[in-house]
Amino acid sequence: MASFSFGAGNARKLATIPLYAAGRMLTLVVPRSRDEWVFGCGGGIGDGALALWDVAAVGGRRAVWLVGSDREETDAAARGIPTLRKSSLRGLWRTARARVIVVTHGFGDVNRYAVSGAFVVQLWHGIPLKRIGLDSPETLRVPSAVARLRLGRVLRRLLGAMYRGAARRIRILPAASHTVRGRLESAFALPDERVPVTGEPRVDVLSRGTADERRASARQAIAEAVGPIDDASRVVLYAPTWRDGAADPAVPSTDEWRALVALLEQHDAVLLVRSHPLGAGEYRPPQGTDRVRLLGSDLVADVTPVLPGADVLVTDYSSLVFDSALVPLPVVFLAPDVEEYGRRRGFYGRYADVAGDDWARDWQAARAQLDAVLARDDEAERRRGRARALSARVHAFRDGANAERVYRAILAGSRRDAGERGPR
């Protein structure tokens with residue numbers, strides 16, 4: 001069931017305008033430190049924020065991670081990361097005092113009311129295929145009750161001003177490549193110098209060590225999350241994207257589940273279902289089977305490190321298709337609502353530019369393509385070749401050093417901003 005929509009989120013944002021104003025007053029009177037950093041991540045203790053944290057820790061930065069749940073607090077403690085609750089007074093204070101603020105989703109990753117005046121690093125959380133930010137009409141959606149009224153137009157203009165004002169606070173938004181850079185500049189209305197091509201810290205894990213080492217580590221993480229899987233069994237990762245609060249049209253019917261499970265049994269394969277954290281669908285077979293296992297964010301906060309443990313990816317519009325290209329994984333595209341999704345959300349370029357012209361529109365077609373990938377080495381290799389070509393288009397670096405490049409860019413940029421010789 002969908003758990004979030006832009007309309008509801010924007011309504012909450014408008015309701016808290018007085019808190020934003022109070023926070024702005026606080027940051028005007030509270031001086032920022034010379035060397036303190038705060039980190040936050042909308043997906044938990046992971047993603048690009050964790051990769052950058054590790055580099056900053058080696059560099060001796062004074063830092064704290066702001067969390068919003070007991071789970072995040074526990075996960076951080078297991079890694080020896082100091083934390084504060086972002087909604088607490090101490091979280092507010094540390095955000096207001098921090099010289100550098102690192103986020104992956106939005107200012108709500110830390111204490112959103114005390115961000116003004118900091119050197120904000122927005123790492124984002126994936127290369128966009130669907131339009132994001134100011135490029136997407138969804139971003140400025142207001143509750144349906146007022147959408148058709150004059151008030152709706154006023155609120156959309158106000159939200160647009162708020163989003164642009166927030167984006168102006170971003171000092172660095174790293175891009176995976178020059179292709180991706182243009183999308184981010186447009187979505188966040190940022191100039192070239194604020195969107196350096198450094199590579200994404202979040203995918204460094206897909207380039208470090210050998211392919212065998214990455215696969216062994218990923219398989220171990222999968223087993224710890226969903227239970228043991230035989231080494232000889234193939235793993236199919238299904239990752240449908242979030243539909244902005246709307247229902248997911250690709251949830252299999254009872255008959256589709258039966259046919260899919262039969263296919264998995266035929267090829268000795270296991271299907272891992274990774275629903276989007278903001279809008280999980282009801283992806284449970286009608287009958288119990290160990291061939292289908294849920295790999296939700298409650299089990300694995302950051303799915304990127306487990307990609308090398310999969311043998312095939314099935315997805316629609318998820319940015320995981322770009323991440324998985326670094327493995328590389330064969331991809332089966334299942335997109336039953338391309339036209340509607342394109343009208344509502346929009347794509348960067350054409351969907352076919354990424355998915356080709358043979359994407360499946362229903363589970364019957366997707367199952368046939370999946371059967372071919374699992375049965376024939378030549379078909380699997382053909383799709384891996386497509387993944388390699390996609391990776392070459394969108395990833396400028398594949399050396400596992402993206403976080404180091406971003407770290408150096410932060411030090412240089414914050415030094416210029418503060419008029420100092422650099423954080424001590």
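**Reading the model**

A: Tryptophan 124 is buried, since its relative accessible area is 15%, where buried means under 20% relative accessible area, exposed over 50% and partly exposed in between, with a 1.4 Å probe and protein chains only. This is a predicted model, in which local features need pLDDT of at least 70 and side-chain atom pairs count only at pLDDT 80 or more, while totals for chains, interfaces and linings use all residues. Residues are numbered from 1 along each chain as its sequence is written, and side-chain values use heavy atoms, with hydrogens and water left out.

Q: What is the phi of tryptophan 124, and where is this residue found?
A: Most residues other than glycine have a negative phi, and most peptide bonds are trans. Tryptophan 124, although not a glycine, has a positive phi of about 60°, and it is found in the loop between strand 5 and helix 6 (144-147), where helices (H or I, at least four residues) and strands (E, at least two) are DSSP runs numbered from the N terminus. Aspartate 268 also has a positive phi, of about 50°, and lies in the loop between helix 10 (254-266) and strand 8 (269-273); aspartate 268 is partly exposed, with a relative accessible area of 30%.

Q: Which peptide bond is cis?
A: The bond from valine 327 to proline 328 is cis, with omega near -5°, and proline 328 sits in the loop between helix 11 (320-324) and strand 11 (331-333).

Q: What is the order of the strands in the open sheet of six strands?
A: Strands of a sheet pair through backbone hydrogen bonds, either parallel or antiparallel. Here the order is 3-2-1-4-5-6, with parallel pairing, and two strands count as paired if DSSP finds at least two bridges between them. The edge strands, each pairing on one side only, are strand 3 (83-85) and strand 6 (170-172).

Q: How many bridges join strand 1 to strand 2?
A: Four bridges join strand 1 (residues 36-39) to strand 2, and the two run parallel; valine 38 has valine 64 of strand 2 as its bridge partner. Strand 2 (residues 62-67) is mostly covered, with five of its six residues buried. Three bridges join strand 2 to strand 3, also in parallel, and there tryptophan 65 has threonine 83 as its bridge partner.

Q: Where is valine 29, and is this residue buried or exposed?
A: Valine 29 is placed in helix 2 (residues 17-29) and is exposed, with a relative accessible area of 65%.
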